[in-house]
Amino acid sequence: MAMISEVPGASAGPESGDGITANGVSRSFGTVRAVEHMDFHAPAGKVTALIGPNGAGKTTLLLMLASLLAPDEGTISVGGLDPLRQRTEVRGRLGWMPDTLGVWESLTAREILTQMARFYRLPAQGIGQRVSEMLERVRLGGLADQPARVLSRGQQQRLSLARALIHDPSVLLLDEPASGLDPGSRVELRIMLRQLAAEGKAVVVSSHVLSELDEVADGAVFVNKGRTVRQQTTAQAAAEGRRYAISGPDAAALAAKLTEFGLTFRREDGRHPDVSLMLQSDGDAERLLRDLVLAGVGISSFAPATGALEETYMNLEGEQQ
Amino acid sequence: MSQVIRNTSESSGGRTPTAYFAAIRDVVVLELKQRLRSRGWYIMLAIWFALTGVVTWLTWASWNASLEAQRAYGGYTPPEASSPGSMIFEVVLAFVLLFALLVAPALSANAVTGDRAGGTLAILQVTLLEPGQILWGKFFAAWLAALAFLVASAPFLVIGVALGGLTPGHVVVSLVMLALEVGIVCALGVGISAMAGRPLFSIVTTYLAVAGLAVGTLIAFGLGTGLSHGTVLANQPQYRQSEPLSQGPVQPEYTCVGPLQEQPAMRTERVAWLLSMNPYVVVADAIPYRDRTAQQNSYMPAGAIENISQGARHALAGPEGSYPCANGEVKPQYLSQTTPLWPLGLVLQLALAGLLLWLGWRALRTPARRLAPGTRVA
């Protein structure tokens with residue numbers, strides 16, 4: 001997304017440039033320790049992915065970031081403000097989209113957004129226009145006056161996103177925003193998240209659909225079993241190397257040539273006979289492909305086997321075992 | 001997004017009373033839009049209207065039937081003043097109060113738990129709304145929905161008055177008291193539902209609380225009376241010769257003679273506060289009836305409202321105020337107690353409702369430190 005928009009006010013002041021930060025937060029429910037000494041930082045103007053398996057504490061962390069749940073220990077800062085003491089100021093800057101849909105079924109999409117705008121104390125005369133804008137932005141303009149119960153899951157999901165954005169928050173927390181969306185809507189969501197980041201917002205996306213996060217996230221925080229396992233940018237993840245899958249009509253010749261180049265590879269038992277190997281960078285991939293083609297080896301496909309984030313995730317999974 | 005709306009400068013405005021109540025009104029609007037668009041509410045209202053109508057008609061019919069029977073076989077003509085009005089009014093009032101106590105928990109006890117289950121509570125909590133605004137909004141919405149049922153039954157109370165004997169003041173006072181009682185039950189329901197994790201638990205608990213007020217207070221009063229044996233200083237009443245249809249003043253019917261002695265008595269005034277929390281007692285005691293101390297009214301038949309009210313006031317007065325010749329003084333007869341019990345009852349009910357709302361408010365505060373067992377924030 002090469003979209004650059006100057007938004008007055010959105011990133012004004014030094015504190016709002018800080019995004020959202022959690023330092024050593026812990027939270028337990030009874031005897032279950034959902035989150036233990038987790039660190040998290042999402043800078044303004046970037047999309048940060050929160051990645052982890054089911055039950056890793058993603059939703060608990062997001063609830064604490066959304067100022068709904070108080071951490072047992074540790075601190076949270078939203079643009080330099082403490083949610084416990086400056087509740088109103090923090091809430092005005094936070095947009096939260098829960099993983100449960102939660103719509104008022106008898107109300108229309110327009111009414112839901114209007115009510116939310118009132119609850120955020122937006123100036124009354126601007127609410128109507130703002131609501132129409134948001135409905136257009138999530139492509140619900142045509143369904144604006146239908147009761148929310150007739151909306152499909154994906155449409156409710158988009159309504160939920162519009163609801164989180166209605167007060168133009170500087171920090172956006174999205175819990176599994178892509179679940180239930182069709183491929184077209186997923187692409188749209190991706191574009192929209194990039195736009196929001198370009199506007200200077202700190203965007204936090206939790207998900208376990210990693211291939212999507214690869215395309216949208218600038219950085220990722222990996223969590224597992226209530227702990228922060230790793231924080232890295234997508235660029236760092238890519239620099240750690242990526243597994244590439246190569247296939248061709250003559251698997252034996254391909255294997256021979258790779259051995260000749262002195263590369264370690266492994267044979268994959270997929271539906272197509274192919275090999276896979278780790279490459280450190282895009283440059284390595286480019287060189288290898290050129291060398292193979294120049295050497296006369298038939299190549300029918302040459303592509304990353306996994307996303308950059310998925311590689312890290314799978315490695316972490318391995319370490320956890 | 002070219003238009004950016006900043007609201008941090010406005011956030012201080014939320015602390016003025018006007019802005020605080022405006023937000024409550026917004027929550028009420030949201031709640032009522034949801035409630036009034038569900039067909040179930042209208043069906044319940046229609047059933048309610050029909051049922052109250054049937055009860056009114058049956059009461060009137062049975063009154064007429066018994067009058068006919070008396071005329072045909074007894075040759076007895078009832079006195080002019082005992083028109084069916086008072087009876088229809090009392091039956092309809094008791095019926096409306098009974099059903100109000102049954103309907104109000106259904107309209108209020110799911111107010112917060114339902115949102116919790118549907119995932120919409122956290123969406124409200126994450127906005128600039130304060131927990132108090134959410135709670136008051138839910139309470140007023142539940143109350144308004146319940147008041148619609150009272151409005152639907154008002155015509156029948158008016159019929160009760162129109163058929164004779166009573167003043168419009170009776171309708172006004174009884175409707176105000178019914179509205180207050182319904183409001184108290186709604187407050188109990190909303191408070192309990194804010195604390196409870198599951199809708200079923202909250203609804204059952206609210207019904208139990210209402211049963212506690214309507215039946216439990218009677219049982220507690222009965223048992224409590226048995227435990228409040230005491231004595232009262234009194235001397236002997238000397239009753240006059242019975243003079244039916246005498247022209248002179250009826251009271252006092254006795255004079256007090258002899259030395260003061262300790263007499264065993266039930267100190268009911270110690271447990272009268274239990275009785276006062278009963279919604280029937282509060283409503284009946286607040287509705288005015290004829291003054292029995294005026295002579296021409298003293299032999300009127302007493303209606304149910306008057307009996308409940310006087311019974312409760314009798315308990316409140318205790319032996320000091322009702323035992324014949326307690327402290328050597330002539331005491332007013334039964335049906336002549338004047339100290340009302342309903343203000344005490346209303347205060348106690350409001351205190352209970354306030355306590356539950358406060359506990360509910362604590363449970364709605366965010367960022368939450370403790371959660372109701374078995375619940376998620378979202």
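1. A residue is termed buried if 20 or more other C-beta atoms lie within 10 Å of its own, exposed if 12 or fewer, and partly exposed in between, the C-beta atoms being placed from the backbone. By that rule N327(B) is partly exposed, because 15 other C-beta atoms lie within 10 Å. N327(B) lies in the loop between α11 (304–322) and α12 of chain B. Its phi is near 55°, a positive value in a residue other than glycine.

2. Some conventions apply throughout. The model is predicted: local features need pLDDT of at least 70, side-chain atom pairs count only at pLDDT 80 or more, and totals for chains, interfaces and linings use all residues. Residues are numbered from 1 along each chain as its sequence is written, while chains are lettered from A and ligands numbered from 1 in the order in which they are written. Helices (H or I, at least four residues) and strands (E, at least two) are DSSP runs, numbered from the N terminus.

3. The overall make-up of chain A is as follows. Chain A holds 11 helices and 13 strands, and its C-alpha trace spans about 70 × 45 × 40 Å along the principal axes. Of its 321 residues, 44% are buried. Two residues are in contact if their C-beta atoms, placed from the backbone, lie within 7 Å. Among the contacts in chain A between residues at least 6 apart in sequence, 71% join residues at least 24 apart.

4. Chain B may be described in the corresponding terms. The secondary structure of chain B comprises 12 helices and 2 strands, in the sequence pattern α-α-α-α-α-α-α-α-β-β-α-α-α-α. Buried residues account for 39% of its 378 residues. Among contacts in chain B between residues at least 6 apart in sequence, 84% join residues at least 24 apart.

5. Two strands are said to pair if DSSP finds at least two bridges between them. The sheet is open and has 3 strands in the order β2-β1-β4 (chain A), with antiparallel pairing. Its edge strands are β2 (32–42) and β4 (73–78) of chain A, each of which pairs on one side only. Neighbouring strands of this sheet are turned by 20° against each other on average, direction ignored. Helix α1 (residues 58–65) of chain A packs on the sheet and touches β1, β2 and β4 of chain A; its direction makes about 120° with that of β1(A). Axes here are lines fitted to C-alpha atoms, for helices over the stretch in contact, and angles run from 0 to 180 degrees between N-to-C directions.

6. Within this sheet, strand β1 (residues 20–29) of chain A is joined to β4(A) by 5 bridges, and the two run antiparallel. I20(A) has V78(A) in β4(A) as its bridge partner. H37(A) is located in strand β2 of chain A and has a phi near 45°, a positive value in a residue other than glycine. H37(A) counts as partly exposed because it has 14 C-beta neighbours inside 10 Å.

7. Further antiparallel pairing in chain A involves strand β12 (residues 274–279), which 6 bridges join to strand β10 (residues 242–247). A245(A) stands opposite S276(A) in β12(A). Strand β11 (residues 266–268) of chain A also pairs with β12(A) in the antiparallel sense, over 3 bridges, and R267(A) has V275(A) in β12(A) as its bridge partner.

8. Is A164(A) buried or exposed? A164(A) counts as buried because it has 24 C-beta neighbours inside 10 Å. A164(A) is placed in helix α5 (residues 153–165) of chain A. Leaving aside residues up to four places away in sequence, A164(A) touches G95(A), W96(A), M97(A) and L172(A). The C-alpha atoms of A164(A) and M116(A) are 8.9 Å apart, although 48 residues separate the two along the chain.

9. In chain B, helix α7 (residues 168–195) and helix α12 (residues 342–364) pack at an angle of about 25°, with their axes 7 Å apart.

10. A last point concerns the backbone of chain B. T366(B) and P367(B) are joined by a cis peptide bond, with omega about -5°. P367(B) belongs to the segment after α12 of chain B.
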